[in-house]
Amino acid sequence: PTGQGQPLVAVKQAAKGSSGKKMSDAASARREIFFGSFFFHAGGEPKFPPAQHPGVLHLARLLEHTETKRDVWLVMEYGGTCLTKMVYEIKGEFRGTERVYRVHHLPLLQAMKQREAVL
C-alpha cells in the first residue's frame with residue numbers, strides 16, 4: 001500500500017446539514033475533536049507523559065481535524081477493528097410494529113468472561 005512504513009490513518013467525514021442525523025453526526029465529530037484535543041497535541045503527541053499515564057497509549061490519536069462549510073473532517077490513527085465489533089453483534093428485526101434486537105456474543109467476549117488474562 002501507499003505510504004508503507006508510515007502509520008495507517010483513518011479519515012472520518014461528518015456531513016453538516018439541517019437533518020437530525022447530520023446535526024447529530026457533526027456534534028459527535030466535534031465531541032471526538034474535543035476529547036482528542038484534550039489528550040493529544042496536533043500531530044498526535046500525547047499531552048500527558050505515557051510513563052505516568054500509560055492508558056493514553058491505548059487511545060486512537062487524533063492527528064488532525066478541520067471544519068469546512070459542509071463537513072467536519074478528522075484524521076485519526078487507524079486502530080483496526082473496534083472492540084464492540086469483536087465482542088458482539090446486534091441484529092434487529094421488526095415484529096409487528098416493534099423492532100426487536102438480538103445480541104449475539106462472539107468468541108472473544110466468551111473468552112474474556114472465562115479468563116481475564118485475555119484482556
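In this briefing, a strand is a DSSP run of type E with at least two residues, and strands are numbered from the N terminus. The structure is a predicted model. Its protein chain has three helices and five strands, and their order along the sequence is β-α-β-β-α-β-β-α. The radius of gyration of the protein chain is 18 Å, well over the 14 Å that the globule rule gives for 119 residues, so the chain is more spread out than a compact globule.

**Overall form**

- Along the principal axes, the C-alpha atoms of the protein chain fill a box of roughly 50 × 45 × 35 Å.
- Of the 119 residues in the protein chain, 16% are buried.
- The protein chain exposes about 9400 Å², and carbon and sulfur atoms supply 57% of that area.
- Among the contacts in the protein chain with a separation of 6 or more, 35% are between residues 24 or more positions apart.

**The nonpolar core**

- In soluble globular proteins, nonpolar side chains tend to be buried together.
- The largest nonpolar core of this structure has eight residues, namely Ala14, Ala26, Ala29, Ile33, Leu62, Val72, Leu74 and Met76.
- At least two residues of this core come from α1 (20-39), and at least two come from β3 (71-77).
- One of the core residues is Ala29; leaving aside residues up to four places away in sequence, Ala29 touches Ala14, Val72 and Leu74.

- Tyr88, Ile90, Tyr101 and Val103 make a nonpolar surface patch of about 390 Å².
- The elements that give two or more residues to the patch are β4 (88-95) and β5 (98-105).
- Val103 has a relative accessibility of 46% and therefore counts as partly exposed, because this class lies between the limits of 20% and 50%.

**Salt bridges**

- Side chains of opposite charge can pair when their charged atoms come close.
- A search of the whole structure finds six salt bridges, and three of them are described below, beginning with the pair Lys12 and Glu32.
- The side chains of Lys12 and Glu32 meet at 2.3 Å, N to O. Lys12 lies in strand β1 (residues 9-15) and Glu32 in helix α1, so the pair ties together parts that are 20 residues apart in sequence.
- Lys12 is partly exposed, with a relative accessible area of 36%, and Glu32 is also partly exposed, at 23%.
- Lys16 and Glu67 form a salt bridge through their side chains, at 2.9 Å from N to O. This pair links distant parts of the chain, 51 residues apart: Lys16 is in the loop between β1 and α1, and Glu67 is in strand β2 (residues 62-67).
- Lys16 has a relative accessible area of 24% and is partly exposed; Glu67 is partly exposed as well, at 41%.
- Glu93 forms a salt bridge with Arg95, and the closest N and O atoms are 3.1 Å apart. Glu93 is partly exposed, with a relative accessible area of 41%, whereas Arg95 counts as exposed at 54% relative accessibility.

Technical notes
Residues are numbered from 1 along each chain as its sequence is written. This is a predicted model: local features need pLDDT of at least 70, side-chain atom pairs count only at pLDDT 80 or more; totals for chains, interfaces and linings use all residues. Side-chain values use heavy atoms; hydrogens and water are left out. Patches are made of residues with over 30% relative accessible area and no salt bridge: like charges are joined within 9 Å, nonpolar side chains (Val, Leu, Ile, Met, Phe, Trp, Tyr) within 5 Å. Accessible areas come from the Shrake-Rupley method with a 1.4 Å probe; for residues, only the protein chains shown count as cover. A salt bridge is a side-chain nitrogen of Lys or Arg within 4 Å of a carboxyl oxygen of Asp or Glu. Helices (H or I, at least four residues) and strands (E, at least two) are DSSP runs, numbered from the N terminus. Buried means under 20% relative accessible area, exposed over 50%, partly exposed in between (1.4 Å probe, protein chains only). A nonpolar core is a set of buried Ala, Val, Leu, Ile, Met, Phe, Trp, Tyr and Cys residues joined through side-chain atoms within 4.5 Å. Contact means heavy atoms within 4.5 Å. The radius of gyration is taken over C-alpha atoms; the globule rule is 2.2 Å times the number of residues to the power 0.38.
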